[in-house]
Amino acid sequence: MTDVSLDARYRALHRLDSAANRLIRADIWPEGDDFGQQSFITPRYIDEIVRRSPIGAEDHVLDIGSGAGGPAVRLAETAGCRVTGIEPNEVGVEVARELARVAGLGERVRFDRGDARDLPYPDEAFDVAVSLNVLNVIEDKAGLLSEVRRALRPGGRLVLLTGTFRLDADDAETRRRLTRQDTVPLFDDTAEGYRELIERAGFAIDEVTEYIADFRRQIARWGEANRRHEGELAAEQGPEAAARHLDYFATYLRLVEEGRAANHLFLATAASGVTPDRG
Ligand SMILES: C[S@@+](CC[C@H](N)C(=O)[O-])C[C@H]1O[C@@H](n2cnc3c(N)ncnc32)[C@H](O)[C@@H]1O
């Protein structure tokens, strides 16, 4: 069953073509780089993932937290693969289906409304599972990863991109600032923490890449664009929400500059016959 509170989150953000979002998005990316992503990724990430995983036409890819569908559509176009996106937010799923329709991808890309903590798919259904900047909103990461492991065939690949943080117990105020609109929670972890979680879920890590400069640039761009269009954003989402967005990007940028936040890409392989350890 879909968690109703999850659906309430991201509603306004996934309406990519609202007046404020259109202005903000046009400021963030150079022409052609906006493919409907709702995160700090750029076309470069999709290209690298396809090349390094690697993902090919024969693969069926699960996109966990597919958002407004841009990354799934871009993956299908770049790799020629099949993609199934799972996303709890109704607006996201609607926008995603429309993106896929306009891209003419037909049966190759589908979007299901659901919760990745309880995947509505049989065991070993997918060759690759991709998750792009989603894991920090999930509290039970071990549960989610073992569910993903179940849905992947042995030898299948996990492609996990996530923000990583080094926050202490006395960083409560920073955590509060990173909790967007009071609705999107933050369950942060370090790169080492993620590595352990992935291994415990029954994967062997193949590669880990840390993105710093690129990540800093994207966060700065999101922050600047939100600031420039704060008025339009406030008109759509209310002044408090607009101020919270600005605070969120400013806080995130500060952490990156202090060396306490980055974005990590983990590439891993589902080991055969391993029973995930959910401990
Ligand atoms: C920052 S957005 C990233 C969306 C997309 N991956 C992208 O890069 O454009 C995070 C997404 O995770 C989704 N999400 C949150 N909890 C989830 C869950 N339990 N299962 C699947 N997706 C979830 C949110 O609704 C949101 O669309």
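Is the crossing of H7 and H9 left-handed or right-handed?

Author: Happy to look at it with you, and please keep in mind that this is a predicted model. The crossing of H7 and H9 is right-handed. The contact itself is built by Lys-141, Ala-142 and Leu-145 on the H7 side, and by Leu-197, Ile-198 and Arg-200 on the H9 side. Sorted by class, this contact between H7 and H9 holds 4 nonpolar and 2 charged residues, with no polar ones. As for the geometry, helix H7 covers residues 141-151 and helix H9 covers residues 191-200. Their axes come within 9 Å and cross at roughly 45°. An angle of 65 to 115 degrees would count as roughly perpendicular and one under 35 as roughly parallel, so H7 and H9 are oblique to each other.

Helix H3 (residues 19-28) and helix H10 (residues 213-228) have axes that come within 9 Å and cross at roughly 140°. Angles count as roughly antiparallel over 145 degrees, and H3 and H10 are therefore oblique to each other. The crossing of H3 and H10 is right-handed. On H3, the residues in contact are Ile-24, Asp-27 and Ile-28; they meet Arg-221, Trp-222, Ala-225, Asn-226 and Arg-228 of H10. By class, the H3 contact with H10 has 4 nonpolar, 1 polar and 3 charged residues.

Ala-129 belongs to strand S4, which spans residues 126-132. With 25 other C-beta atoms within 10 Å, Ala-129 is buried, because 20 or more are enough for that label. Leaving out residues up to four places away in sequence, Ala-129 touches Leu-62, Ile-64, Val-148, Ala-151, Leu-152 and Leu-158. Two of those names, Val-148 and Ala-151, fall within the residues 141-151 of helix H7. Ala-129 can also be placed relative to Val-83: the two are 46 residues apart along the chain, and their C-alpha atoms are separated by 9.5 Å.

Now for the whole protein. There are 12 helices and 7 strands, and 41% of the 279 residues count as buried. Among contacts with a separation of 6 or more, 79% join residues 24 or more positions apart. The C-alpha atoms fill a box of roughly 55 × 45 × 35 Å along the principal axes.

Definitions and conventions
Residues are numbered from 1 along each chain as its sequence is written. This is a predicted model: local features need pLDDT of at least 70, side-chain atom pairs count only at pLDDT 80 or more; totals for chains, interfaces and linings use all residues. Helices (H or I, at least four residues) and strands (E, at least two) are DSSP runs, numbered from the N terminus. A residue is buried if 20 or more other C-beta atoms lie within 10 Å of its own, exposed if 12 or fewer, and partly exposed in between; C-beta atoms are placed from the backbone. Two residues are in contact if their C-beta atoms, placed from the backbone, lie within 7 Å. Axes are lines fitted to C-alpha atoms, for helices over the stretch in contact, and angles run from 0 to 180 degrees between N-to-C directions. A crossing is left-handed if the near helix is turned anticlockwise from the far one by less than a right angle, and right-handed if clockwise. Ala, Val, Leu, Ile, Met, Phe, Trp, Tyr, Cys and Pro count as nonpolar, Asp, Glu, Lys and Arg as charged, and the others, Gly among them, as polar.
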